[in-house]
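Morning, everyone. I have one structure to show, and I'll keep it short.

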Amino acid sequence: MATSNKDSSVPQEGYDKKCIFCRIVNNEMDTELLHRDEDICCFRDIKPGAHHHYLVVPTKHVGNCKSLNIQHVPLVKQMVDVGKDVLQKRNVTDLTDVRFGFHWPPFCSVAHLHLHVLAPVSQMGFMSRLVYRLNSYWFVTADQLIELLNSKVETH
């Protein structure tokens, strides 16, 4: 398990002291961490859109999904895997009734990359279905993001 740099006056690499998610990852907030390793952290969303609504974030500050490139595909896949593990540890076994996705800028409230893990989707209310709607301008699934990143061609 990675250690917190909370007591040090030198900020750790990839840390933005103004970012709420960086502060949560570094145990500066009173937020229960459901998962934490060297690369990924998971905690409950403060405004849940489903019975199980978790946020999976990189431990180092990474910008929103528009700032990603093909090198970030393994990170996104790792975030999804952590989301699945957290759900399964909470007895969510039907992974067909789950949504993994990202809000597309400018429709994200925190500029630190975060994956929304929502379950069961079939029991989400009207507003949650709207906010986390598939094929919308403001929300992309993890699979859509991975496909987009894989299709990016670097031009010089």
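Predicted model: local features only at pLDDT ≥ 70, side-chain atom pairs only at ≥ 80, totals over all residues.

Start with the core. The largest nonpolar core has 30 residues. Phe102, Leu115 and Leu145 have the most contacts inside it. Strands E2, E3, E4 and E5 each supply at least two residues of this core, and so do helices H2 and H4. H2 gives the most, with 8 residues.

Look at Phe102. Leaving out residues up to four places away in sequence, Phe102 touches Val76, Met79, Leu115, Trp138 and Leu145, among others. There is also a second, separate core of 11 residues. Cys19, Ile24, Val25 and Cys41 are among them.

Now H4, residues 142-151. Ala142, Leu145, Ile146 and Leu149 are buried. Why do they sit on the same side of H4? Because they cover an arc of only 100 degrees around the axis. On the other side, Asp143 and Glu147 are exposed. What covers the buried residues of H4 includes H2, E4, E5 and strand E6.

Of its 23 lining residues, Asp45, Ile46, Lys47, Leu55 and Ser109 are the closest to the centre. H1, E2 and H3 each give two or more residues to that lining. By class, the lining has 13 nonpolar, 7 polar and 3 charged residues.

The second largest pocket has a volume of about 160 Å³. Its lining includes Lys84, Arg99, Phe100, Ala142 and Asp143. H2, E4 and H4 each supply at least two lining residues there. The classes are 6 nonpolar, 1 polar and 3 charged.

Methods. Residues numbered from 1 in each chain as written. Heavy atoms only, no water. Core = buried A, V, L, I, M, F, W, Y, C linked by side-chain atoms within 4.5 Å. Buried < 20%, exposed > 50% of the residue type's maximum accessible area, 1.4 Å probe, protein only. Helix = DSSP H or I, 4+ residues; strand = E, 2+ residues; numbered from the N terminus. Contact = heavy atoms within 4.5 Å. Arc of directions from axis to C-beta. 1 Å grid on protein atoms, 1.4 Å probe; cavity = no way out; pocket = protein on both sides within 12 Å on 5 of 7 lines; lining within 4 Å. Nonpolar A, V, L, I, M, F, W, Y, C, P; charged D, E, K, R; others polar. Points joined across faces, edges and corners; volume = space filled by probe spheres on them.
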